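Subject: Structure for you to look at

Hi,

Here is the structure I promised to pass on. Please open it next to this note and follow along.

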Amino acid sequence: MSATCVIGLQWGDEAKGKIVDLLTAQNEVVVRYQGGANAGHTVVFDGKKYKLSLVPSGIFRENVKSVVASGVVIDPGAFLSEIERLREGGVKIEKNLLVSERAHVIFPWHKEEDKLLNDSGVRKEAIGTTLRGIGPCYRDKVGRSTAIRIGDLYRDDFDEKVRRICAIKNSYLPGLARNEEARAQLQTLDADAIIAQYRQYAERLRPFVGDAVNFLLEAVDADKKVLLEGAQGALLDVDYGTFPYVTSSNSSGVGVTAGSGLPATFIKRIVGVVKAYTTRVGGGPFPTELNNETGQRIRDRGNEYGTVTKRPRRCGWFDAVAVRYSSRLSGASELAVMLLDVLSGFDQINVCVAYELDGKRLEYFPSNVDDLARVTPIYESFPGWSEEINELTSYEQLPKNAKSYLNNLSRILGKKIAIVSVGPGREQTIFCP
Ligand code: IMP
């Protein structure tokens, strides 16, 4: 009886999808348990590239059940388009996908609210959300009175609920606009059109919808091997990340049981996924950010542009203060270091081992973003390597300085590095001794 969980330990985009895809081969059930269509990852195999956003990466293996659990917020339009794309690519999903009837549904009013409040003017810097309606949908979930869950789409009072919510949102949304221009762009919500569209979505989703909680509890009773797939990264966790520059769910290890409904005692292994450097999209402090040629070089070599929004990602050196915090918070039992190949060709590679704040050395990650924005990174420097490493298949083959970089990361973080990735393909993976 055991579950493995894969969690990103930075600000998302750590290439978790590849690790989930690899570990799926050893599991019978794969579960996505938080976030929504704000997440995106690319899985590459047999020379084909697949982009996933809401569908768990388990979908590519025929005898694995992929579950979208209760903690996820679902945009049915985005979800159905993704399903269509997978079908067109020859992926069989009919019997392998289960969507929780407890998951909450994203509606057009959530996206409107996201647009209006992303740059609310409350803080100097906008949160820089993906504008997918994620925060407003979670807000309605916690607020309860104006929320709709997947199971509600099939109930008799659905139309009535949507009409009432549209009336509430039509009076509420204009008040959120910062100026006349934003107010003028706002379209009145048309309840009839929304009802017609979501009824159609509901019919297309029907074959996949069920009681995912019960299914997962039965999987526990039957001793099945379950893999849990985190979205975003631990530093974007709404409670423990760089608030308010975070997403609206618990994206660190603390969110696994709440989002999936699986008991904590069932989770035995937590693989923390990190890039060999750091990236971030959207606003918020990023102590090791490189706004220079080195940062651009990392962006170019790592193709650091968002899967979902295509935004260029902010790039910088590895921040070990942040990852020491996020890996302990998430209970990582081991680490996977991704995109090590991107660092080939640098003379010197820096790792931030502490911060300096107001003339004092800080060993821990501050809780306040304004403090984090003022820290200066203290670096340890390591010699780089010039060889390309994409074709290497064993730890022994890695250049001496690449091994030394990994050993130093492991020492600084106090965690074992179990997996190293040197390219996007399944075969470009090194399992460490
Ligand atoms: P939201 O999740 O759309 O509300 O966006 C909140 C913050 O989380 C923004 O800074 C986004 O750029 C960031 N974010 C959300 N999803 C991801 C992801 O999958 N990868 C990286 N950043 C993300």
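A backbone N or O atom of V281 sits 3.2 Å from an oxygen atom of the ligand. Keep in mind that this is a predicted model.

T130 places a polar side-chain atom 2.6 Å from an oxygen atom of the ligand. How much of the ligand does the protein bury? On its own the ligand exposes 470 Å², and the protein buries 97% of that.

Now the surroundings. There are 16 residues around the ligand. D13, N38, T130, T247 and R311 come nearest. Sorted by class, this shell holds eight polar, six nonpolar and two charged residues.

Next, a pair of helices. Two packed helices are described by the angle between their axes and the distance between the axes. Here the pair is α3, residues 108-118, and α4, residues 134-143. Their axes come within 7 Å. They cross at roughly 115°. Is the crossing of α3 and α4 left-handed or right-handed? The crossing is right-handed.

Which residues meet there? From α3 they are W109, H110, E113, D114 and L117. From α4 they are I134, P136, C137, R139 and D140. By class, the residues of this contact divide into five nonpolar, four charged and one polar.

Then move on to the contact of α3 with α4.

Best wishes

Technical notes: Residues numbered from 1 in each chain as written. Predicted model: local features only at pLDDT ≥ 70, side-chain atom pairs only at ≥ 80, totals over all residues. Heavy atoms only, no water. Near = heavy atom within 4 Å. Polar contact = N/O pair within 3.5 Å; in protein donor to acceptor, adjacent residues only side chain to side chain. Areas by Shrake-Rupley, 256 points an atom, 1.4 Å probe, with all protein chains shown as cover. Nonpolar A, V, L, I, M, F, W, Y, C, P; charged D, E, K, R; others polar. Axes fitted to C-alpha atoms, helices over the stretch in contact; angles between N-to-C directions. Helix = DSSP H or I, 4+ residues; strand = E, 2+ residues; numbered from the N terminus. Left-handed = near helix turned anticlockwise from the far one by under 90°. Contact = heavy atoms within 4.5 Å.
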